[in-house]
Amino acid sequence: MLYYLFEYLDKTLDIPGTGVFQYITFRSALALMLSLLLSTIYGKRIINFLRKQQVGETVRELGLAGQNEKAGTPTMGGLIIIFATLVPVLLFARLHNIYIVLLIVTTLWMGTIGFVDDYIKIFKKDKQGLKGIFKVIGQVGLGIIVGTVLYFNPAVTVRTDTGRTDIFRTSANTTVVLPAPIEEKSTATTIPFVKNNEFDYAELLAWTGEGYEKWAWLIFIPVVIFIITAVSNGANLTDGIDGLAAGTSAVSVLALGIFTFLSGNIIFSNYLNIMYIPNSGEMTVFISAFVGSLIGFLWYNSYPASVFMGDTGSLTIGGIIAVLAIAVRKELLIPLLCGIFLVENFSVVLQVSYFKFTKKRYGEGRRIFLMSPLHHHYQKKGYHESKIVTRFWIVAIMLAILSIVTLKLR
C-alpha cells in the first residue's frame, strides 16, 4: 500500500526522495526490519493471548528427556509468522504482481489448513488433528491453483536471448550493450550442477509428436502438486524440537532470496548466465518479510520455547518454500537446499517401511533408528536438543551455501 502511495507522490507530485520506494532493495530492507519488530514486539502479545485461551500443547508420551516440561506451552505460534510476514508485504510490495499474489494466497491457504489441524487437536481434544486425507486434499488444491496460474497466466514468463540489442548501460565513456529479453511462456526449469542447465518439462511429451508443447500442463501441474505436498509435509515433520524448523527454514528461504533477486535482475542474470524471470524480483520483498518473521519467531521459540509454531506455522513454511522454489525455477534444487526436510521425511519413510517389512518377514518389527523423525533419534541417544538444533542449523547453512554455488559450479 505504501508502495502505491509513494509511487503517486513521486510521479505525480515529484516530491524529492519518494522515488526510493521504486527500489526492491530498499523495500526489502524495510520489510525485514518491520517483520522483525512485529514478530518480537507483538509476538509476546499473541503468546499471552494464546495462553489465556488455553491453547496449550498436548505432549504425547514418547520417553524423551524434558518432554513433560513442554506440556501446556502455547501452540499455534505460526500466527506470529503469518502476521509478521503479511503486514510488511501488504505495506511495501507491489500487490498487483502475480508472484506476490500467489505467495499471499499460499500463506493464507496453508495457514488455514494448519490452523484447523491445531484447532481440532486443542479444542476438540483429538490428538490426531485434521485427518490426513483432508490435509492432502488441501495441499493438492493449492498445487492445482499454483500450477495453473504459473502455467496459464500471461504475466509468468522467462527470457529468450536474441540478437536484439536495445538495452544500454553507460558507465563513464563506455556503453555496454546487453541482449534484450524476449518474454515467453515456458515450463523450463534449472538443473543444478549441469552446464547449459535448462530443462523443459514439455520435452517429456516430445514422443507424442508435433504440438506436444500445448500439453505440457499435464506434466507441470502434477509436479507442482507433488513438490508443495512433499515440502510442506517435510517442514511439518521437522517441527519437533525448539527452534529446529524455524531456524533451518530461515536459512533455506534466505538462499532462495538470493536466487530470486538475481533471477529478477537482467544485469545479474546475464552476467551469471542464468534464467531471467521478469517481475520475479518482487518476491524478494516477501522473502525479506518472511525471513524477518522466522528470526523474530525464534526469539520465543528457541530453547526453552515459550511458544510452538504448530501446524499453523510448519505447513505454511513448507508451502511458501515450495512455491518460491517453483516460481524462481529452482525446484530441482530443493533436495539439496532443503536437505534437512528431505532427511527428516526419509527417516520416517525408512523407519515405517523397514518396521513393516521385518514384521511381515520375521514376525517382529525392527527399527533402523531409535525413533523417527531423525532429530528424535539423536534425542534418544542422549544429545541435548539445543546441540541437535545447532548442528542441524550448521548443516542447513552448508547446504544453502552449496546451493548458491550452483550458480557458477556446473
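Me: Why is Leu402 called partly exposed?
Reply: This is a predicted model, and the values are computed from it. Leu402 has a relative accessible area of 36%. Buried means under 20% and exposed means over 50%. The 36% of Leu402 falls in between, so the label is partly exposed. Leu402 lies in helix H14, residues 385–405.

Me: What makes Leu402 part of a nonpolar patch?
Reply: Patch residues need over 30% relative accessible area and no salt bridge, and nonpolar side chains are joined within 5 Å. Leu402 has 36%, so the area condition is met. The patch consists of Phe193, Ile397, Ile401, Leu402, Val405 and Leu409. Together they have about 500 Å² of accessible area.

Me: Why is Ser314 called buried?
Reply: Its relative accessible area is 0%. The cut-off for buried is under 20%, so Ser314 qualifies. Ser314 lies in helix H10, residues 310–327.

Me: Which residues does Ser314 touch, leaving out those up to four places away in sequence?
Reply: Ser232, Ala235, Asn236, Asp239 and Met309.

Me: How do you know that Asp117 and Lys135 meet in a salt bridge?
Reply: The N to O distance is 3.2 Å. The limit is 4 Å between a side-chain nitrogen of Lys or Arg and a carboxyl oxygen of Asp or Glu, so the pair counts. The pair links distant parts of the chain: Asp117 is in helix H4 (residues 98–123) and Lys135 in helix H5 (residues 132–152), 18 residues apart. Both Asp117 and Lys135 are buried.

Me: What makes Asp311 and Lys121 a salt bridge?
Reply: Their closest N and O atoms are 3.6 Å apart. That is within 4 Å, so the label holds. Asp311 sits in helix H10 and Lys121 in helix H4, 190 residues apart.

Me: Buried or exposed: how are Asp311 and Lys121 classed?
Reply: Asp311 has a relative accessible area of 6%, under the 20% cut-off, so Asp311 is buried. Lys121 has 27%, between 20% and 50%, so Lys121 is partly exposed.

Me: How do you know that Lys135 forms a salt bridge with Asp311?
Reply: The closest N and O atoms are 3.1 Å apart. Within 4 Å is the requirement, so the pair passes. Lys135 in helix H5 and Asp311 in helix H10 are 176 residues apart.

Me: What joins Asp117, Lys121, Lys135 and Asp311 into one network?
Reply: Salt bridges that share partners.

Me: How many salt bridges does a search of the whole structure find?
Reply: Six.

Terms used. Residues numbered from 1 in each chain as written. Predicted model: local features only at pLDDT ≥ 70, side-chain atom pairs only at ≥ 80, totals over all residues. Heavy atoms only, no water. Helix = DSSP H or I, 4+ residues; strand = E, 2+ residues; numbered from the N terminus. Buried < 20%, exposed > 50% of the residue type's maximum accessible area, 1.4 Å probe, protein only. Contact = heavy atoms within 4.5 Å. Patch = residues over 30% accessible without salt bridge, like charges linked within 9 Å, V, L, I, M, F, W, Y side chains within 5 Å. Areas by Shrake-Rupley, 256 points an atom, 1.4 Å probe, with all protein chains shown as cover.
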